[in-house]
Structures are given as C-alpha cells and as structure tokens.
Amino acid sequence: MAYTDDAVLAKLSALNETQESIVTVAQWVMFHRRHADRTGQLWLQRLKDSGSNKRLNLIYLANEVAQQSKARRKDDFLIAFSPVIAEATATAYKGATNEVQQKLRRVVEVWRTRQIFEPPIQEAIEARIDELDKSRSSTKKGGSIFSSNPNAIPSELAPLVAPQQTLSKLVLSTKTSLNAASQDYDKLTDPNTTVPSAPVHAARLNGLLKTLANAEGAVAESIKARSLLIEGLEKILETNRDGLKAEEKQLSDLTNRKTEIDNKKKDVEDSIMRGFASNSNPSTPAGPAEGSPGQHHSPVTPGAEPDRPEVEALTPPGYPQPPATEPVPEFDLSSSNGNNGASHIEQSPIPRAPSAGSDLLSSLSTSYVRPPSATGAGSAKKRKLNDDFPDLGGDDGLDADVAEMLRRDSGGNGF
C-alpha cells in the first residue's frame with residue numbers, strides 16, 4: 001500500500017489492542033520511515049479524536065515503533081515523536097480510568113528504564129502526568145470553588161505563562177530540527193564519504209538546504225519566544241527592584257525610630273531612679289534636675305499614716321423614766337387562815353447589782369415600765385376578790401369549821 005494520509009489514518013483506525021495488530025501496523029509505519037514527521041502528526045491527530053481505550057492502543061503503537069527504532073538505531077521516529085509525545089501521553093492520561101492510567105504509567109516507566117527518549121523529553125512526559133494527578137487529587141478533596149487554590153499562579157506571573165509554554169514547545173521542535181540538520185550536514189560534508197553522481201549529489205544538497213532552513217526557522221521562533229519571556233521577566237525584575245529600594249528605606253526609618261524611642265525610654269528610667277535616690281537621702285535636694293524629663297513629675301513617696309480616729313460609742317440617747325410609785329400592798333389569801341386575818345404586805349424585790357453586760361443592753365434598749373393604771377387595776381381586782389367574798393348563807397353543805405372561818409374573816413374586815 002502506497003503511503004498517503006488516508007492510508008495512515010486507515011491503519012490507525014484498524015488498530016486494536018492485540019499484540020499482532022500493534023506489531024503489524026508498527027512494521028508498516030517503520031517501512032515508511034521517510035515520512036516519519038507526517039506520520040507523527042497524523043498519529044497525534046488521531047489520538048486526540050479517539051476515546052480512552054483507543055488512545056491507549058495508539059500509545060502502545062508509539063511505544064512499539066520507538067523501541068524498534070531505538071534497537072535498530074534509526075532515529076527518524078524518535079525525532080518525530082519527541083515534540084508531541086508529552087502532549088499525546090497527557091491527552092491519553094487525562095480523563096482515563098484508573099486501570100488505563102496505570103497501564104500508561106507502566107509504559108512511561110519502560111521509556112525511562114530503557115532510555116527511549118532523551119532526558120528532557122522524558123522529564124516533560126512525567127511532569128505532565130504528575131500535574132494531572134495533582135489536579136485530580138485536589139478536585140477529589142472537595143474544596144470550595146470559591147477557595148483560593150494554593151497552586152494557582154500569582155497575578156504578577158500570569159503574563160509569563162504563555163511565553164514560557166510557547167518556549168517549552170519550541171525548544172523540543174528546535175532540538176529535533178537541529179539534530180536532523182546536523183546529521184544530514186555531517187553526512188554530506190564528511191570527506192570520507194564517496195561523492196555520488198552530480199544529479200544525486202545536487203538532490204541531496206537541495207534536501208540539506210531545506211533541512212537547514214527548517215532548523216533555522218525553528219531557532220528563530222525559539223529566539224523570538226525567549227525574547228518575549230525575557231522582556232516580561234525584566235519588567236517583573238524592575239518592579240521588584242523598585243519595591244526592594246522602598247522597603248530598604250522603610251527598614252532604615254523604622255530602625256532609626258526604634259533607636260530614638262529606646263534612648264528616650266532609658267532617659268526616663270534614669271530620671272525615675274534618680275528621683276528615688278534623692279528621696280531616700282535627706283542631704284540630697286528633692287526633685288529631678290532642671291531640664292530633665294522627670295522635672296514636672298515628682299516621684300510619689302508614701303507619707304506617715306494618720307492616727308486612728310476615735311470611735312464614738314454607739315449609745316442611743318436615753319428616754320425619760322417615769323416617776324417611781326409606791327408598791328400597792330397585796331393580800332395573800334392562802335396565808336389568811338393561820339394569822340387571823342392579818343394582812344401581809346408583799347415586799348418589793350431587792351435590787352440586784354448590774355452585771356457587766358447590763359450597761360450595754362440598757363443603753364441599746366428602752367426600759368419598759370408597766371403603766372400605773374394597769375398595775376393599779378390588777379391590785380384593785382385582787383383586793384376585790386379577797387375582800388368581797390360572798391356569803392353563801394346557811395350551810396349549803398359546807399363544813400362547820402370552814403363556815404366559821406369564813407364568818408370570822410368577814411367580821412374581822414368590818415363588813
């Protein structure tokens with residue numbers, strides 16, 4: 001089958017996951033290694049348009065072609081795959097199932113172990129995969145969409161992202177073009193190589209010119225991208241330099257102010273100590289020296305404590321006492337039987353000497369004096385009971401002796 005774009009796409013579409021299919025398509029692709037660059041472009045396009053499982057098969061195909069080229073020391077496809085292999089691997093890895101991702105990681109690990117691609121290409125592949133893993137793990141944590149992303153690029157560095165990405169892609173393609181141009185140039189300019197016929201030699205020289213022109217254009221694009229990146233870096237560098245000068249000036253001002261305040265604090269502390277020393281020494285005049293910071297602030301020393309105030313006794317004013325009255329004699333009925341009606345006057349109680357606490361109690365309380373009217377009424381009532389004993393008349397069942405005693409008692413009182 002002749003090499004055409006349709007033929008390549010047909011071969012890639014017919015590819016399946018069996019080893020026989022992968023090996024067959026790889027042999028056909030390697031047979032047309034002169035079109036390695038075009039094959040690499042069509043392969044990448046087909047990979048982007050395919051599903052997850054189909055992408056894994058296309059990665060297997062690239063792995064087979066790359067390893068066979070490395071074993072046969074044919075660098076055509078290695079050079080063709082180098083600019084696009086990192087992007088293709090990341091495309092196949094993104095959105096794939098965990099099983100497919102593990103298979104892709106095993107393929108990448110084989111490339112590293114056998115050194116299929118150059119170290120910068122291998123590092124770019126692994127970096128793209130690690131970046132996808134980090135983004136997936138941060139999404140699984142369930143962070144808020146409004147929370148700040150710690151891996152987000154600062155706004156000051158945002159203008160540098162696009163130039164850096166462009167430069168990274170151009171570096172890979174430039175390296176590939178330079179390697180191809182250098183190899184063709186060495187072959188045609190080697191003095192040990194026999195010179196072919198003029199038409200063939202002219203065709204080879206014409207091809208070398210195209211290769212050199214491609215490498216020249218790639219290097220020019222890389223220079224342009226790098227210049228843009230350097231320009232952005234210089235702007236950021238200039239901004240940071242201005243900020244650094246301003247911060248250094250602020251630091252110097254703060255240091256001077258701190259030193260000034262520290263000196264003032266020491267002066268105030270010294271004046272306070274001098275004030276205490278002058279008060280403790282009578283021969284030294286009191287007060288700070290004139291012009292010192294503590295001139296208007298004399299130190300406070302504790303004075304002598306005042307005498308304890310006299311405590312006034314809590315004695316309320318006395319109330320007037322009523323005049324003393326003679327005690328009314330009272331008769332005792334129980335004693336009248338044996339003394340022939342002789343009355344016995346009840347003697348007033350003998351006053352007792354006041355106890356130690358009676359003065360205080362008497363000062364805090366008001367003496368209670370029985371009203372004369374109430375006392376007189378009680379005595380009169382008692383006399384009435386004693387004097388006006390009614391005559392029951394007759395015996396009324398009384399004993400003769402008792403009746404005689406009652407009559408005597410009534411006759412003795414004059415009633």
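A nonpolar patch lies on the surface of the predicted model. Val268, Ile272, Met273 and Phe276 form this patch. Together, the four residues have about 380 Å² of accessible area. Phenylalanine 276 belongs to helix 10, which spans residues 198-280. The relative accessibility of phenylalanine 276 is 46%, so this residue counts as partly exposed. The cut-off matters here, because partly exposed covers the range between under 20% (buried) and over 50% (exposed).

Lysine 264 and glutamate 260 pair through their side chains, at 3.7 Å from N to O. These two residues are 4 residues apart in helix 10, about one turn of the helix. Lysine 264 has a relative accessibility of 48% and therefore counts as partly exposed. Glutamate 260, at 42%, is partly exposed as well. Lysine 265 forms a salt bridge with glutamate 269. In that pair the closest N and O atoms are 3.3 Å apart. Lysine 265 and glutamate 269 again lie 4 residues apart in helix 10, about one turn of the helix. Lysine 265 is partly exposed, because its relative accessibility is 44%. For glutamate 269 the relative accessible area is 39%, so this residue is partly exposed too.

The whole structure contains 12 salt bridges. One of them joins arginine 33 to aspartate 76, with the closest N and O atoms 3.7 Å apart. This pair links distant parts of the chain, its members being 43 residues apart. Arginine 33 sits in the loop between helix 2 (19-31) and helix 3, whereas aspartate 76 is in helix 5. Arginine 33 has a relative accessibility of 37% and so counts as partly exposed. The value for aspartate 76 is 32%, which means that aspartate 76 is also partly exposed. Elsewhere, Arg105, Asp130 and Asp133 are linked in a network of salt bridges. Side chains of opposite charge can pair when their charged atoms come close.

Rolling a probe the size of a water molecule over the atoms shows where empty space is left. Across the whole structure, 1 cavity of 30 Å³ or more is found. The volume of the largest cavity is about 40 Å³. Its lining consists of Val29, Thr39, Trp43, Leu61, Ala62, Val65, Phe77 and Phe81. Three helices each supply at least two lining residues: helix 3 (36-48), helix 4 and helix 5 (76-81). Helix 4 gives the most, with 3 residues.

Helix 4 covers residues 52-71, 20 residues in total. From its first C-alpha to its last, helix 4 reaches 29 Å. This is close to the 28 Å expected at 1.5 Å a residue.

The chain as a whole is helical in its secondary structure, with 13 helices and 0 strands. From the N terminus on, the elements run α-α-α-α-α-α-α-α-α-α-α-α-α. The chain has 415 residues, of which 22% count as buried.

Conventions
Residues numbered from 1 in each chain as written. Predicted model: local features only at pLDDT ≥ 70, side-chain atom pairs only at ≥ 80, totals over all residues. Heavy atoms only, no water. Expected span 1.5 Å × (residues − 1). Patch = residues over 30% accessible without salt bridge, like charges linked within 9 Å, V, L, I, M, F, W, Y side chains within 5 Å. Areas by Shrake-Rupley, 256 points an atom, 1.4 Å probe, with all protein chains shown as cover. Buried < 20%, exposed > 50% of the residue type's maximum accessible area, 1.4 Å probe, protein only. 1 Å grid on protein atoms, 1.4 Å probe; cavity = no way out; pocket = protein on both sides within 12 Å on 5 of 7 lines; lining within 4 Å. Points joined across faces, edges and corners; volume = space filled by probe spheres on them.
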